[in-house]
Amino acid sequence: MQRIALRKMLEQFYMEDIGSGDLSAQLISDSDNQQAVIYAKQEGIVAGVDVIREAFSVLDDQVRVSLLKKDGDAIAYGEPIATLSGNPSVLLTGERVVLNLLQRMSGIATATRNAIETLNDPSIRICDTRKTTPGLRMLEKYAVTAGGGYNHRFGLYDGIMIKDNHIAAEGSITAAVAKAKAKHGHMVKIEVEIEDEAQLREAIAAGPDIIMFDNCDPDTVRRFAQLTPPHITTEASGGIHMRTLPTYKGTGVHYISLGFLTHSVSSLDISMDIVASPERLQTIERQVN
C-alpha cells in the first residue's frame, strides 16, 4: 500500500467519524497510558495490519502499536492481532475506523484464500475486478493479494478492456483492437471480452494481449482455452461463484476474475478490548511470540 495515499484516506475517514470531536471519549479521564488488544472473533486470513499502526499515528504518534500478525497470516478465534498502548481517549477514538478497515480487508483476504482453495488448481490464478467500494479500491485490492490472489487492472487508466459496448460502438473487435494498438504504446495491454466462438476467432486474428471468456460454462472455457494460441493470456469471468468454482478446475484458462471478492464479501469479525494492566499486555505478546 502507498503510505501517503493511505494516510490521506485515513484523515478523510476520521473527519467523517470524529467531526468536531469525539463526545464519548471526552468523558474518559486523562491518564498517561492505557493498554488494548485487537483480536479475532472469527477464524480467517488477516489483512491490513499496517493500517492499525498508520491509523493511530494519524491521531497520536505516541501510541505504541505492536503487530503480532502479518498480512496473509491465518488467525483463529480469540487470537490477538495487535496490542496497543497509549492515551485511552485516542485508542477509543480511533477504534471504529481501524476495525472497520481491518474487518473489511480481512474478509476480502479470507474470501480470496477460500476461492483459491475451493478451485484447487495452481495453474489458474484467482484475481479481482473493478467492482470495489468507491474510495477503498487500494485497500481492497491489496487485501486480495494478502489472501494469495492477483490484481486485475486498478482503473480505466492502466489497461484497455474492450467490452461488448466498446465493440458495438466501434463496429467490430477487429476495428476496436486496431484503434487501440494505433493509439497506445506497447506498454499498455489490450484485453478483449468475447462471448462466442466467432468472436473468439475474430479476437485471435486481431491479436490482443488477453482474451476474456465472458459468462461461459466450464466446458466452453476449456474449449476456448484450447483454441487460443499460447502467447495470448486467457481469462474467465462472469457468473462464477464459490459453489461453481470447482467446475473450472483443469479448464486450462490462465485467470479467473471474481467480482464477489470485493463487492459482496462479509467482513471478518474483529474486536478491540481495553486490557487491565501492562503486565497482561506483555503476557499476550509473549504467548504469540
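This is a predicted model: local features need pLDDT of at least 70, side-chain atom pairs count only at pLDDT 80 or more; totals for chains, interfaces and linings use all residues.

Student: Fine. How many helices and strands are in the protein chain?

Tutor: The secondary structure comes to 10 helices and 12 strands. The C-alpha trace spans about 70 × 35 × 25 Å along its principal axes.

Student: What share of the residues counts as buried?

Tutor: 47% of the 289 residues. The accessible surface comes to about 14400 Å², and 49% of that belongs to carbon and sulfur atoms.

Student: And charges: how many positive and negative side chains are there?

Tutor: There are 29 positive and 37 negative side chains, with the centres of the two sets 4 Å apart.

Student: What share of the contacts with a separation of 6 or more is between residues 24 or more positions apart?

Tutor: Such pairs account for 71% of them.

Student: On to the sheet. What is the strand order in the open sheet of 4 strands?

Tutor: The order is β3-β5-β1-β12, and the pairing is antiparallel. At the edges are β3 (64–67) and β12 (270–275), each of which pairs on one side only. From one strand to the next, the twist averages 20°.

Student: What holds paired strands together in general, which bonds?

Tutor: Strands of a sheet pair through backbone hydrogen bonds, either parallel or antiparallel.

Student: Over how many bridges do β1 and β12 pair?

Tutor: Strand β1 (residues 34–40) pairs with β12 over 6 bridges, in the antiparallel sense. As one example, valine 37 has aspartate 273 in β12 as its bridge partner.

Student: Which strands does helix α2 touch?

Tutor: Helix α2 (residues 49–59) packs on the sheet and touches β1, β3 and β5 (80–86). Its direction makes about 175° with that of β3.

Student: And helix α3, which strands does that one lie across?

Tutor: Helix α3 (residues 88–119) lies across β1, β5 and β12, and runs at about 155° to β12.

Student: Change of topic. Where does tyrosine 142 lie?

Tutor: Tyrosine 142 is in helix α4, which covers residues 137–146.

Student: Which residues is it in contact with, leaving aside neighbours within four places in sequence?

Tutor: Tyrosine 142 is in contact with Met1, Asp71 and Met105.

Student: How far is tyrosine 142 from serine 237 in space?

Tutor: The two are 20 Å apart, C-alpha to C-alpha, and 95 residues apart in sequence.

Key:
Residues are numbered from 1 along each chain as its sequence is written. Side-chain values use heavy atoms; hydrogens and water are left out. Helices (H or I, at least four residues) and strands (E, at least two) are DSSP runs, numbered from the N terminus. Buried means under 20% relative accessible area, exposed over 50%, partly exposed in between (1.4 Å probe, protein chains only). Contact means heavy atoms within 4.5 Å. Accessible areas come from the Shrake-Rupley method with a 1.4 Å probe; for residues, only the protein chains shown count as cover. Lys and Arg count as positive and Asp and Glu as negative; His and the chain ends are not counted. The place of a charge is taken as NZ of Lys, CZ of Arg, CG of Asp or CD of Glu. Two strands pair if DSSP finds at least two bridges between them. Axes are lines fitted to C-alpha atoms, for helices over the stretch in contact, and angles run from 0 to 180 degrees between N-to-C directions.
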